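Let's walk through this structure together, one neighbourhood at a time. Keep the viewer open and follow along.

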Amino acid sequence: SSVSGGLYNIASGIASAVNGGNHNIASGSSSAMNGGHNNEASRYASAVNGGWYNRASGWSSAVNGGSNNTASGDDSAVNGGRYNAAPGWLSTVNGGYQNEATGAHSTVIGGKDNIA
């Protein structure tokens, strides 16, 4: 595990990495944190790439920027926006506000208060 710069970062997972930012945690095995503030990547091969208060807690899940987003489904992703969630398997939310991709293979592309 490694921490490369930043402030108050933790890389506690096996082969995990935190690359800059503040108060970020990479606790999943092979997880990665790339900048941002108060983000967490907690499952195997999960990643958070910038933003604020984002959580990647599904296996191979990712949050790419934005704030207060959660990718909790396995192989799920949230790409920006605010308060978006992707709890479904292979689900994706691409931006917007308070959107949720709950079903397997579901996608929400932007907007506000949408559920797929």
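In this predicted model, a polar atom of the N9 side chain lies 3.3 Å from the backbone oxygen of G5. You will find N9 in the loop between β1 and β2, the latter spanning residues 10–11. Is N9 buried or exposed? Its relative accessible area is 13%, and since buried means under 20%, N9 counts as buried. Leaving aside neighbours within four places in sequence, N9 is in contact with V3, V18, G20, G21, N22, H23 and N24.

Not counting residues up to four places away in sequence, V18 touches S2, V3, S4, N9, I10, A11, N24, A26 and M33. In general, strands of a sheet pair through backbone hydrogen bonds, either parallel or antiparallel.

V18 and M33 also turn up in the largest nonpolar core, which has 14 residues. Which of its residues touch the most other members? They are V18, M33, V48, V63, V78 and V93.

Now step back to the sheets. Eight strands form an open sheet with parallel pairing, in the order β1-β3-β5-β7-β9-β11-β12-β13. At its edges stand β1 (2–3) and β13 (107–109); each has a single partner strand, so one side of each is left without a neighbour in the sheet. Another open sheet, again with parallel pairing, is formed by five strands in the order β2-β4-β6-β8-β10. Here the edges belong to β2 and β10 (70–71), each with a single partner strand, so one side of each has no neighbour in the sheet.

Stay with β10 for a moment. Strand β8 (residues 55–56) runs parallel to β10, and two bridges join them. The bridge partner of R55 in β10 is T70.

How many salt bridges does the structure hold? There are two. One of them joins R55 to E40, with the closest N and O atoms 3.7 Å apart. R55 lies in strand β8 and E40 in strand β6, so this pair ties together parts that are 15 residues apart in sequence. Both residues are partly exposed: R55 has a relative accessible area of 29%, and E40 has 24% relative accessibility. The other salt bridge is between K112 and D113, where the closest N and O atoms are 2.7 Å apart. D113 counts as partly exposed, at 43% relative accessibility. As a general point, side chains of opposite charge can pair when their charged atoms come close.

The loops deserve a visit too, starting with A45, which is found between β6 (40–41) and β7 (47–48). A45 is partly exposed, with a relative accessible area of 30%. Not counting residues up to four places away in sequence, A45 touches S29, S30, S31, S60 and S61. For a sense of distance, the C-alpha atoms of A45 and N69 are separated by 17 Å, and these residues are 24 apart along the chain.

Finally, turn to the rings. Searching the whole structure gives two aromatic pairs. In one of them, Y44 and W59 form a tilted pair, 5.2 Å centre to centre with 45° between the planes. This pair links distant parts of the chain, 15 residues apart: Y44 is in the loop between β6 and β7, and W59 in the loop between β8 and β9 (62–63). Y44 is partly exposed at 39% relative accessibility, and W59 is partly exposed at 40%. What geometry does the pair Y83 and Y97 have? Their ring centres are 5.8 Å apart and their planes lie at 80°, so the pair is edge-to-face. Y83 sits in the loop between β11 (77–78) and β12 (92–94), Y97 in the loop between β12 and β13, and the pair links these distant parts of the chain, 14 residues apart. Y83 is partly exposed at 36% relative accessibility, as is Y97 at 29%.

Notes. Residues numbered from 1 in each chain as written. Predicted model: local features only at pLDDT ≥ 70, side-chain atom pairs only at ≥ 80, totals over all residues. Heavy atoms only, no water. Pairing = 2+ DSSP bridges. Helix = DSSP H or I, 4+ residues; strand = E, 2+ residues; numbered from the N terminus. Buried < 20%, exposed > 50% of the residue type's maximum accessible area, 1.4 Å probe, protein only. Contact = heavy atoms within 4.5 Å. Polar contact = N/O pair within 3.5 Å; in protein donor to acceptor, adjacent residues only side chain to side chain. Core = buried A, V, L, I, M, F, W, Y, C linked by side-chain atoms within 4.5 Å. Salt bridge = Lys/Arg side-chain N within 4 Å of Asp/Glu carboxyl O. Phe/Tyr/Trp six-rings, centres within 6.5 Å; stacked < 30°, edge-to-face > 60°.
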